[in-house]
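This report describes selected features of a two-chain model. The sequence and structure come first, followed by the terms and the description.

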Amino acid sequence: MSRWLAAWLIALTAACSAPATDRGSPAQGRLSEAEARAAALARSGDYAGAARFYGEALRIATSLENADAIAANAINLSVVEQWLGRDAEARAALAAVLDEPRAGLSERRKTQAELRRAILEAASGNLGAAEVWAGEAERRCASSCEYAAAILNVRAQVALDSGRNAEAARLAGAALERARGDSGRAEAANALRTAGRARIAAGDAGAALGPLRQALEIDRALGDPRKILADLTELARAADAAGDAQAARSYKERGLAVSRAINDGRSAAETEVLLRR
Amino acid sequence: MSVALPPGRFTRLVLKVNVFLLIALALAAAFMAMVAYKQGWFVRQSPLHFVTPNALGINKGMPVKLHGFTIGQVGELKLAEGGVDVQLSIVSEYLRRIPQGSYARHAREAGVIGTAVIDIVPGEGTLPLAEGAVIRFEPPRGISEIIDDFRRQAVPAFNEVKQAMSQLGRSGEDLTAILSALRREVEQLPATHRAARNLLQEATKATAELNQQAATTLAATARVAQGVDRALPALSEKLNASIQSIDAAAVQLKKTGEEAQATLRDARPLLDHSETAAREAGDVLSAAKRTWPLSDSFKETSEGLLPIDSFEAQGKGRVR
């Protein structure tokens, strides 16, 4: 009898210690709804709509002083604004996390925001600023941090754009080592692509073909056409520089087909110009 | 009446008091150390200077930013030859990122409004600035300077508008000439009308002649029509058979449509039931997800964050 009583007491204690069902306030409900709609629109490719709802979610999260939701929505907003080509707006979205110190903001969120800012600056060609923000993210990110590979890839990219090819190759190698597991496959492909580009820049085009082919294999498995196009373009450059005109032409034609399929008119025109040479 | 105290109540009292005071002292020291750490007292800072003829808007403690990133703050402000000597306290670690030729400017974080900061604009030099170096300062633009600027840019535009207006005024004279020419043309309209009537009479005569020729042509056409009349009955029979087939097919199609409509009507309650059942199942599942101990098993695996992909650092994330 006493055993049953003890078991019942343990079950009761556990039930009481479990968090109460979070029914949430109306504002909390609106926040969840705005986040869900923004995510659905981003998945369906309506980035302008997604930006509108992420902005709304950020506004509601700010009114609720929910630091984590503020950071998550600010980061998401910066991503879609960059996809829309609106870099200034993307930078302004991150200011909600980077320029206003908030209590309760986790180190992880700060790292994500700093990494996003570094990516934005690098994409805009502000290499000095990109290096500073990537350095901040790296300082915050421990060696086992999940964003270590992405940070190293951004640094490698900055080094490559600054003409420091050897450093870029070294950083890309380090990124490849850190990009482990299924979640790190995209960054592993990015590291291989940057390593290949660094070798082309260093004049060793033959050695660039190996990592670029590996990157293409991963990107095809992940199914990202933008990256497949980038890999094929770099492979065409490498084969061309290595003197294999036939392989270069084949890569260019494949790149052209991908480019036409993703309706990137500008890129298709560039590839066509390359083919005519 | 005296209260009897238990024996040994105050033994080693001095020692106990000292231990208590020591702990309190240690806690106070730890608190002060934490405050000092948070205030950045342990961070080594290097000074930079600039001299401004007017230090309005510059305050001690104002943040100093490089590429929008805070690298220090305004330290001391001292009256000096030719203005105010402003000392910037830069975190030594970031001093190496400020190249020679850099200058400071007064800026606001969001354009005209927002927090005022000292923004360091990086120069073209390759070597970093030395500790204690004096840099150039670009003072903020006053409202009168902004208005002057606007005036300088707006005046040519206004002049062009004025010129266009005067041209329009001159073209008013041309308009008068055009109107008088138009009136002259209107006066000549009756003569034009008479000429047009003559033309019509001649056209009527020509049409009568054409009719005579057309009668001959019609006789020939009648002969052709007789030939067509002979061929038409056979063609008509064939056409009739085709129309009957089409008619039968249409009747069959109508019947099929009615049957499909009836089937849909029968299926409607079933669909409604399915929808209600699905909704109820969804509600039950949602409720189960919120209920302990199932709640832990149904936690969202994703935190709802879009991918942070270093690929976009290449500027290729724009077109997706």
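## Basis and terms

Two strands are said to pair if DSSP finds at least two bridges between them. Helices (H or I, at least four residues) and strands (E, at least two) are DSSP runs, numbered from the N terminus.

The model is predicted: local features need pLDDT of at least 70, side-chain atom pairs count only at pLDDT 80 or more, and totals for chains, interfaces and linings use all residues. Residues are numbered from 1 along each chain as its sequence is written, and chains are lettered from A and ligands numbered from 1 in the order in which they are written.

## Chain B overall

Chain B contains four helices and seven strands. Their order along the sequence is α-β-β-β-β-α-β-β-β-α-α.

Chain B has 320 residues, of which 10% count as buried. A residue is buried if 20 or more other C-beta atoms lie within 10 Å of its own, exposed if 12 or fewer, and partly exposed in between, with C-beta atoms placed from the backbone. Among the contacts in chain B with a separation of 6 or more, 60% are between residues 24 or more positions apart; two residues are in contact if their C-beta atoms, placed from the backbone, lie within 7 Å.

Strand 4 (residues 83–91) of chain B pairs with strand 1 (residues 45–52) of chain B in the antiparallel sense, over eight bridges. Within this pairing, Ser46(B) has Ile90(B) as its bridge partner, and Val51(B) stands opposite Asp85(B). Strand 4 of chain B is also joined to strand 3 (residues 69–80) of chain B by seven bridges, and these two strands run antiparallel. Here Gln73(B) has Ser89(B) as its bridge partner. Strands 3 and 4 of chain B form a hairpin with two residues between them, and Gly82(B) in the turn has a positive phi of about 80°.

In a regular strand the side chains alternate between the two faces of the sheet.

## Positive phi in chain B

Most residues other than glycine have a negative phi, and most peptide bonds are trans. Arg12(B) is a residue other than glycine with a positive phi, near 55°. Arg12(B) lies in the segment before helix 1 (13–38) of chain B and is exposed, with 10 other C-beta atoms within 10 Å.

His67(B), also not a glycine, has a positive phi of about 55°. His67(B) sits in the loop between strand 2 (63–66) and strand 3 of chain B. With 19 C-beta neighbours inside 10 Å, His67(B) counts as partly exposed.

Helix 3 (residues 47–63) and helix 4 (residues 67–83) of chain A pack at an angle of about 160°, with their axes 9 Å apart. That makes helix 3 of chain A roughly antiparallel to helix 4 of chain A. Axes are lines fitted to C-alpha atoms, for helices over the stretch in contact, and angles run from 0 to 180 degrees between N-to-C directions. Angles under 35 degrees count as roughly parallel, over 145 as roughly antiparallel, 65 to 115 as roughly perpendicular and the rest as oblique. Residues of helix 3 of chain A in this contact include Tyr47(A), Tyr54(A) and Leu58(A), and those of helix 4 of chain A include Ile70(A), Leu77(A) and Trp83(A). By class, the contact of helix 3 with helix 4 of chain A has 13 nonpolar, four polar and one charged residue. Ala, Val, Leu, Ile, Met, Phe, Trp, Tyr, Cys and Pro count as nonpolar, Asp, Glu, Lys and Arg as charged, and the others, Gly among them, as polar.

Helix 4 of chain A packs against helix 5 (residues 87–98) of chain A at an angle of about 170°, with the axes 8 Å apart. Helices 4 and 5 of chain A are therefore roughly antiparallel to each other. Among the residues making this contact are Ile70(A), Leu77(A) and Glu81(A) of helix 4 of chain A and Ala90(A), Leu94(A) and Val97(A) of helix 5 of chain A. The residues of this contact divide into nine nonpolar, two polar and three charged.

## Contact between the chains

The contact takes 37 residues from chain A and 24 residues from chain B. On the side of chain B that touches chain A, nine residues are nonpolar, six polar and nine charged.
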